[in-house]
Structures are given as C-alpha cells and as structure tokens.
Amino acid sequence: MPDSNPAKSPIVIDFVGGSVGFRLRSGEGRGQPLPRACGMARGSLPTIVDATAGMGRDAFFLASLGAQVTLIERNPQVHAALDRAMTAARDHSEELAAIISRMTLLCGDSRDLLKSLTPEVVLVDPMHPERTKSALVKKQMRDLRDVVGADPDARQLMDAALAAATNRVVLKWPQRAALIEGLRKPSHQISGKTTRYDVFVTRS
C-alpha cells in the first residue's frame with residue numbers, strides 16, 4: 001500500500017502558477033473540447049463529478065468556467081496534494097478563491113461514492129499512456145503513475161458512472177486508443193489534438 005505521508009510524496013499540484021495558471025490566464029473558454037463534451041458550450045452549468053481527480057487540472061478548468069465540480073480521489077497521497085493545492089489557491093487571491101469554492105474534494109473510491117451522488121455529468125479519465133510532449137507534464141504524469149499505478153478497474157468505474165450520471169458520462173481517452181473492452185459505443189465523440197472525449201448520453 002502506498003505511503004500516505006505527504007512529506008514523502010512526489011506529487012506536487014499547483015493551481016496558482018504553471019500550466020494550470022497559464023490556462024486560466026489565457027482565457028480558454030467553453031468552446032474547448034472538454035467543456036463542450038460536458039455540455040457547457042451553450043452556457044449550461046451542469047453539476048460535474050470528476051471521478052478520477054488526479055492532478056485536478058480538468059476539475060479546476062471546469063470550475064473556472066462556473067461549473068460545480070466534485071473531485072473524487074482514492075489515493076491518499078494525491079488527495080492530500082489536491083487538498084494542499086486547493087488551500088494555497090484559496091489563500092492566493094479572491095479570483096482563485098471563487099473557483100475553489102466551486103470545487104468539493106472527496107477521498108474514496110468513485111465506484112462506491114457515486115452511488116450516493118446524482119451529478120448531471122461524470123468525467124472519467126483513467127490512467128493511460130502519456131499523450132503529451134511537454135517535459136514538465138510528462139514528469140508530473142510519471143510521478144502520478146508511480147504513486148497510483150494503473151487503473152485495471154476502468155470498466156467497473158465506467159459502469160458506476162453510467163449508473164450515476166443523470167445527463168452524460170465523458171470518458172477522456174487517447175485519440176487512437178480502442179474502446180474499453182465490453183463498453184458500449186459512445187453517443188458521440190469530441191476530438192482534441194491527442195485526446196478524445198467519448199460522450200455517453202444517459203438521459204432518456
């Protein structure tokens with residue numbers, strides 16, 4: 001079992017500077033693939049669960065656009081790093097504090113926690129091969145992968161997400177990767193440069 005001592009964790013999360021801060025300052029909006037996949041392109045502000053919070057970048061981005069986002073992280077080291085990063089951002093400025101106020105962090109297994117939640121959208125981003133040329137992000141992803149390992153239960157997580165989401169499930173996946181075995185085909189896909197978003201509509 002991973003050592004949960006934060007002092008020994010290689011995970012460093014920063015919502016103030018770095019790539020996350022740049023993304024916020026650059027004014028990326030709802031026309032980007034992720035918010036479009038989550039149904040935000042036309043001004044909608046759905047309740048979202050990020051079922052695989054990880055470094056928290058996607059959750060922070062969605063919250064910066066006005067969405068209420070619940071982050072679920074089951075690894076205690078990563079959860080602690082997220083908690084520290086959210087506190088630091090909250091204390092840094094009123095602008096960041098407003099974003100953090102729309103983020104709720106939970107520690108646990110999404111397969112269990114989703115049963116008690118009724119989000120409109122569930123975002124699932126299982127651990128998968130690196131898909132960026134940024135040396136910094138590569139190191140962050142290597143560190144994250146070293147701590148949390150692989151996600152062999154991705155199919156079970158998707159099943160839990162599909163059962164919980166009242167509107168849609170968004171699977172963030174490498175552009176050319178095959179579908180998760182046994183999973184039904186998505187309702188539609190939205191593609192980025194190296195990542196695609198498989199959208200599974202759940203509303204009747």
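Helices (H or I, at least four residues) and strands (E, at least two) are DSSP runs, numbered from the N terminus. The views below show a predicted model, in which local features need pLDDT of at least 70, side-chain atom pairs count only at pLDDT 80 or more, and totals for chains, interfaces and linings use all residues. Residues are numbered from 1 along each chain as its sequence is written, and side-chain values use heavy atoms, with hydrogens and water left out.

**View 1. Glu73 and Asp125, two of the residues that UniProt lists for "binding site".** The unreviewed UniProt entry names Arg57, Asp58, Glu73, Arg74 and Asp125; its positions follow the numbering used here, feature names are shortened, and annotations may be inferred rather than shown by experiment. Look for Glu73 in strand S2 (residues 68–73). Glu73 is buried, because its relative accessibility is 7% (buried means under 20% relative accessible area, exposed over 50%, partly exposed in between; 1.4 Å probe, protein chains only). A polar atom of the Glu73 side chain lies 3.0 Å from the backbone nitrogen of Gly54. Asp125 sits in the loop between strand S4 (121–124) and helix H7 (135–148), and its 19% relative accessibility is why Asp125 also counts as buried.

**View 2. Helix H3 (residues 57–64) and the glycine after it.** Here 6 of the 8 residues are buried, so H3 is largely enclosed by the rest of the structure. The buried ones are Asp58, Ala59, Phe60, Phe61, Leu62 and Ala63. Following H3 comes Gly66, with a positive phi near 110°.

**View 3. Helix H4 (residues 76–92) and its cap.** Buried residues of H4 include Val78, Leu82 and Met86.

**View 4. The largest nonpolar core, with 36 residues.** A nonpolar core is a set of buried Ala, Val, Leu, Ile, Met, Phe, Trp, Tyr and Cys residues joined through side-chain atoms within 4.5 Å. Phe15 and Met103 have the most contacts inside this one. The largest share of this core, 6 residues, comes from H4. Leaving aside residues up to four places away in sequence, Met103 touches Phe15, Ala59, Phe60, Ala63, Val69, Leu71 and Met86 (contact means heavy atoms within 4.5 Å). A second, separate core of 19 residues includes Ala51, Ile72, Ala160 and Val169.

Terms used:
Polar contact = N/O pair within 3.5 Å; in protein donor to acceptor, adjacent residues only side chain to side chain. Expected span 1.5 Å × (residues − 1).
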